[in-house]
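Take a look at the model below. This report walks through its sheet, one of its helices and some of its ring contacts.

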Amino acid sequence: MNRIILVGNGFDKAHGMATTYQEFMDDYWKSVGNEIFDGSSFKSYQDEFIYFKIPGERYNLTFILPEYSSGITSYSKFKSLLDSCNTPSIEFVFLNKFFERLSETSLNNWVDVENEYYAALVEILKSHERNNSNEIPSLEKLNNDFTAVRRLLEEYLSKIEKTNAKILSVQDKILAPLRAQDIAHSHKMGLTKHIQQRIDKIDVEQKRLAKQNTELSDIYDIEDFRNGNIQKWVSELRAIEERGNRRQQIRKCMDMLPSFLSLPEEILLLTFNYTDTVERYIPASSQALLPHVECIYIHGRLKDKSNPIIFGYGDELDTNYKAIEDRNDNRYLEYIKSTGYHRTDGYRRLLEFAESGYFQIFIMGHSCGNSDRTLLNTLFEHSNCMSIKPFYHQISNEKDNYSDIVRNISRNFKDKQLMRERVVNQTYCEPLSKN
């Protein structure tokens with residue numbers, strides 16, 4: 001039995017990184033503010049996103065209020081200051097219309113940005129269906145504008161402050177044993193068989209090391225090895241020769257067994273982030289009885305030409321998607337995620353991992369929004385999926401986002417009964433981090 005961990009932006013946030021959508025947008029407007037506003041006057045400015053023109057070299061602002069003394073730190077503050085000027089001699093326009101759409105709309109998460117792109121795409125599709133036209137200059141403009149936003153995002157993420165520190169509680173969750181309470185009822189027997197295979201594997205490893213005059217406790221710094229607890233259980237259960245009877249005994253004493261006996265064999269860190277935060281949780285070397293941990297950057301990595309970032313939309317289950325494909329115009333598919341997955345072998349490796357055996361899904365910082373719906377549906381409804389366990393964000397003592405995650409998870413299921421069976425209830429879930 002294995003584990004797939006879905007790593008999203010909340011994982012980076014738990015590590016203190018400024019990776020939210022709002023932090024990205026505020027960083028842009030703060031940098032623009034530093035260019036055009038010195039605390040008492042404006043000067044002209046232009047980049048690929050906005051055009052700002054004042055009469056002359058400087059435009060003095062004698063009415064400045066205290067709230068502007070610290071500068072421009074957001075679009076709302078820039079717009080408020082601009083409105084306060086109330087003069088037609090100042091020109092301001094968005095050159096990037098998609099960025100204008102983002103700036104003027106109240107969005108919370110990166111998935112909202114991808115949803116906005118898809119909504120704009122559908123609007124163009126509907127417009128040209130009504131007009132029965134094949135000329136789509138607005139589609140070219142949308143894709144070019146979206147490319148610029150994606151480039152700005154990559155530049156931002158490449159410059160933000162990073163840390164190599166681990167959160168030990170997060171590491172413990174990644175390497176946690178498989179628990180019977182988390183597994184869907186239909187897969188309980190699978191966990192029993194897994195423990196039996198682990199027992200056999202430990203017995204083989206113990207005999208191999210004995211020939212080298214080495215003890216398991218010399219290799220694995222684990223209390224249950226040092227006090228002989230694991231060896232005792234392995235010996236007692238191995239003494240039951242008939243495997244069916246052995247499985248029955250394992251089920252009977254499941255809650256008393258050392259957790260080491262139910263560790264997953266392999267762990268796949270499936271990161272949807274472009275940053276490398278998750279790599280600090282990959283062991284430097286592997287040991288025979290500990291989980292093998294690997295990582296797939298399913299959406300690419302920062303500044304990696306061999307695995308460029310994928311930023312777009314991935315809901316092929318949406319009712320409008322077939323109409324987009326039927327349009328027979330590849331420009332509509334430029335930023336559909338499934339086309340980007342073919343640039344590397346990451347998606348194929350993910351499918352091979354899922355097909356290799358039963359797996360449990362952990363959700364760490366991923367919102368499970370619609371922009372990844374096709375991929376998530378593939379995993380959530382896979383016949384080998386044993387359970388889906390969200391690690392939620394504890395917003396305050398009274399509030400968390402567990403219910404939000406579960407509602408998003410439900411949208412990725414066609415079979416709602418299967419969803420109710422596989423999603424672990426909140427009683428057995430916990431926050432990703434208390435930091």
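Helix H15 (residues 346-355) lies across E1, E7, E8 and strand E9 (359-364). H15 runs at about 145 degrees to E8. Helix H17 (residues 402-411) lies across E9 and E10, and runs at about 145 degrees to E10. Keep in mind that this is a predicted model.

Now for the strands themselves. They form an open sheet of five strands, in the order E8-E7-E1-E9-E10, with parallel pairing. E8 and strand E10 (385-391) are the edge strands: each pairs on one side only. From one strand to the next, the twist averages 20 degrees. Strand E1 (residues 2-7) pairs with strand E7 (residues 266-271) in the parallel sense, over five bridges. Within this part of the sheet, Arg3 stands opposite Ile267 in E7.

Next comes helix H11 (residues 229-238). Which of its residues are buried? They are Ile230, Gln231, Trp233, Val234 and Leu237. These residues cover an arc of only 165 degrees around the axis, so they lie on the same side of H11. What covers them includes helix H8 (188-210), helix H9 (216-219), helix H10 (223-226) and helix H12 (243-252).

The charged end of Lys232 sits over the ring of Trp233, 4.7 Å from its centre. Likewise, the charged end of Arg198 sits over the ring of Phe260, 5.1 Å from its centre.

Two of them are set out here.

| Pair | Type | Centre to centre | Angle between planes |
|---|---|---|---|
| Trp29 and Tyr75 | tilted | 4.9 Å | 40 degrees |
| Trp110 and Phe311 | edge-to-face | 6.1 Å | 80 degrees |

Both pairs link distant parts of the chain. Trp29 is in helix H2 (residues 21-36) and Tyr75 is in helix H3 (residues 75-85), 46 residues apart. Trp110 is in helix H5 (residues 110-131). Its partner Phe311 is in the loop between strand E8 (292-297) and helix H13 (321-326), 201 residues apart from Trp110.

Technical notes:
Residues numbered from 1 in each chain as written. Predicted model: local features only at pLDDT ≥ 70, side-chain atom pairs only at ≥ 80, totals over all residues. Heavy atoms only, no water. Phe/Tyr/Trp six-rings, centres within 6.5 Å; stacked < 30°, edge-to-face > 60°. Helix = DSSP H or I, 4+ residues; strand = E, 2+ residues; numbered from the N terminus. Lys NZ or Arg CZ within 6 Å of the ring centre and 35° of its normal. Buried < 20%, exposed > 50% of the residue type's maximum accessible area, 1.4 Å probe, protein only. Arc of directions from axis to C-beta. Contact = heavy atoms within 4.5 Å. Pairing = 2+ DSSP bridges. Axes fitted to C-alpha atoms, helices over the stretch in contact; angles between N-to-C directions.
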